[in-house]
Structures are given as C-alpha cells and as structure tokens.
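Biologist: I would like to go through this model with you. Could you put it on the screen?

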Amino acid sequence: MFFAALVVLTALPGAASATCAISTVSANFGVYSGTALDPGAVPVTINCASGEVYDVGLNAGVGQGATVTTRRLTGPGGAVLTYKLFQDASRAIVWGNTSGTNSRSGTGTASKQILNIYPRMAAGQFVAPGTYTDTITARASSASTVTTTFTITAIVQASCTVSSESLSFGTYANVQKDGIAAITVTCTNTTAYNLGLSIGNGSGATIATRRMTGPSSTVLNYQMFQDSGRTTNWGNTIGSSTKTGTGTGVAQRLSIYARIPGGQNVRPGAYADTIIATVTY
C-alpha cells in the first residue's frame, strides 16, 4: 500500500522597501563685491510614498576645511569665499547633515514636495577676483538613502573701500609744524589701486601748496606728502602724484605726512580745509 502526500509551497510577497526621489538645481550668488548677499531660495524636490517619513541633509561641500556651519567656495589659486545654507527664510537655522540635529525631516505625500534652501554670504570678504564654486551633496533618507549633487557659484569683482581720520596740526606759531594722519584702504586680494588726495577747498590751492581757510577768508598754506621725509607730494593724478598699492584682502593702514611751512604771519583764529581721498582700481 502506498501513501502519497501533496505538499503545496506558497510564499507571501514581502513588503517592498519604499524609496524617495530627490532632485535639486544649481545655485548662484551672482556678483559679490564685499557686501552681504541673500539670494533667492534654492528648491530641493522630494517625492516619497504617502506616509513615509524622510530626512533630508546637506553635506559640508568640497571646500577645504568647510563645515556645515561655514561652507567654502573655492576660487583662483585656492582662495576661499565662505557662505552658509539655512532651512528658513530668516536664515537662523543652519542646514546640515546630522539627523535629528540640523537636517530637515518630513512625511511623504506620494507627490512632489519642495523644501527651500536659503543661502547667505557675509560681507567683508575681500578675496581675489574670479569665479568661486562649491559642490553640495543632498541626501534623502527613509527606508533607503538616495543622493544628488548641486553646484553653488559666485563671481567676485575687484572692489576697494577707503576711510580716513582727521588731521590736526594743533597750534601754529609761525614756525614749521608737522602733522600725520592715517588713511585705510581695503581692497580685494591682488587688486592694484591708486590712492589720491584732492587739493582741497582753499582758494588757489595746488598739489604743492594746499590752503586752509580762516578768519575773513585768510589762508594758511600747508602740504601733504606720501613719505616721512616729506619730499613726494600727494595729489590726485594717476601715474603722477597718487600712491599705488596692491590689495591683500585686509585693511592696509597708510600714513599722510603733512606740513605747515614756517614764516606765515596770518591772522589768529581757527583754520580748516577738507580733502577728498579717492581710491581707483
């Protein structure tokens, strides 16, 4: 007698791992000239299954020494331009890559969702002119992880700023009197500049003989020089009487050497003049 048994093997289909899709667009700060920039929002598109919880992070980028709090665009000769990426329009919450700390989470809706990145570039970075770039990796993590990359670009144009302090000779008593004042120039790194000083407002003033005006329009002659020996007049003609220099990306403090020649028996009182400093680059 034979017995037979039929064994039917079946398998239940397992739950498929849900996966999100992520895409981004390139970002451009545009032209940076040393003033702060807050360009428009950069969209990150997420598409996850309905009810699927996801987490989106942005890495520090490829700039040497970059972190998620201080990212770095790289430009000519390895020069760097720092910037930040935020989660909110008020630019208070940095967008990083650590889940539960500085990334951004959400729940899928089975349709596209837009998460905006808000960039910022701080003022006062006087780096070498040229094009600066960085590459950021954005990742979306749910049941699995997907990534995409996008580029960030900025163009730095040559720029300079100039500021000065007042010069006071003090009391003049008909004998030669010297004075000195500081003038500060800040230019983008490697940027050549010419710094000029106007002849002032005194009637009949020249580069060699400037004039302060006092009581009843009386004038008191004085001079301004580029050197401590007070031999090179400082004027406003490029190639002739201006002072030349090259920016370093940080403030450069220069000295104006001034002199009131002796022997001027003018009326007693206060004498003054106004000089305009101009930096050309």
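Biologist: Which residue in β17 does Ile180 stand opposite?

Modeller: Ile180 stands opposite Tyr257 in β17. Please note that this is a predicted model, in which local features need pLDDT of at least 70 and side-chain atom pairs count only at pLDDT 80 or more, while totals for chains, interfaces and linings use all residues. Residues are numbered from 1 along each chain as its sequence is written, and side-chain values use heavy atoms, with hydrogens and water left out.

Biologist: In what sense do β12 and β17 pair, and over how many bridges?

Modeller: β12 (residues 177-187) and β17 (residues 252-260) are antiparallel partners, joined over nine bridges. Two strands are said to pair if DSSP finds at least two bridges between them. Strands themselves are DSSP runs of E with at least two residues, and helices are runs of H or I with at least four, numbered from the N terminus.

Biologist: What is the strand order in the open sheet of five strands?

Modeller: The order is β11-β12-β17-β15-β14, with antiparallel pairing. Its edge strands are β11 (160-164) and β14 (210-213), each of which pairs on one side only. On average, neighbouring strands in this sheet are turned by 35 degrees against each other, direction ignored. Angles run from 0 to 180 degrees between N-to-C directions, using axes fitted to C-alpha atoms.

Biologist: And the open sheet of three strands, what is the order there?

Modeller: That one reads β16-β13-β18, again with antiparallel pairing. β16 (243-246) and β18 (277-280) are at the edges with a single partner strand each, so one side of each has no neighbour in the sheet. Four bridges join β13 (residues 192-197) to β18, and Gly196 stands opposite Thr278 in β18.

Biologist: How many helices and strands does the chain have?

Modeller: The chain has zero helices and 18 strands.

Biologist: Changing topic: which strands does β10 pair with, and in which sense?

Modeller: β2 (residues 27-32) pairs with β10 (residues 145-156) in the parallel sense over five bridges, and Ala27 stands opposite Ile152 in β10. β9 (residues 130-141) pairs with β10 in the antiparallel sense over twelve bridges. β9 and β10 form a hairpin, with three residues between them.

Biologist: Which residues touch the most other members of the largest nonpolar core?

Modeller: Ile46, Leu73, Leu81, Met121 and Ile152 do, in a core of 32 residues. Such a core is a set of buried Ala, Val, Leu, Ile, Met, Phe, Trp, Tyr and Cys residues joined through side-chain atoms within 4.5 Å. Buried means under 20% relative accessible area, exposed means over 50%, and partly exposed is in between, with a 1.4 Å probe and protein chains only.

Biologist: What does Ile152 touch?

Modeller: Leaving out residues up to four places away in sequence, the contacts of Ile152 (heavy atoms within 4.5 Å) include Ala27, Phe29, Leu73 and Tyr83.

Biologist: What about Ser26: buried or exposed?

Modeller: Ser26 is exposed, with a relative accessible area of 54%. Ser26 is found in the loop between β1 (21-24) and β2. From Ser26 to Ala181 the C-alpha to C-alpha distance is 48 Å, and they are 155 residues apart in sequence.

Biologist: Finally, what does the C-alpha trace span along its principal axes?

Modeller: The trace spans about 145 × 35 × 25 Å. Of the 281 residues in the chain, 40% are buried.
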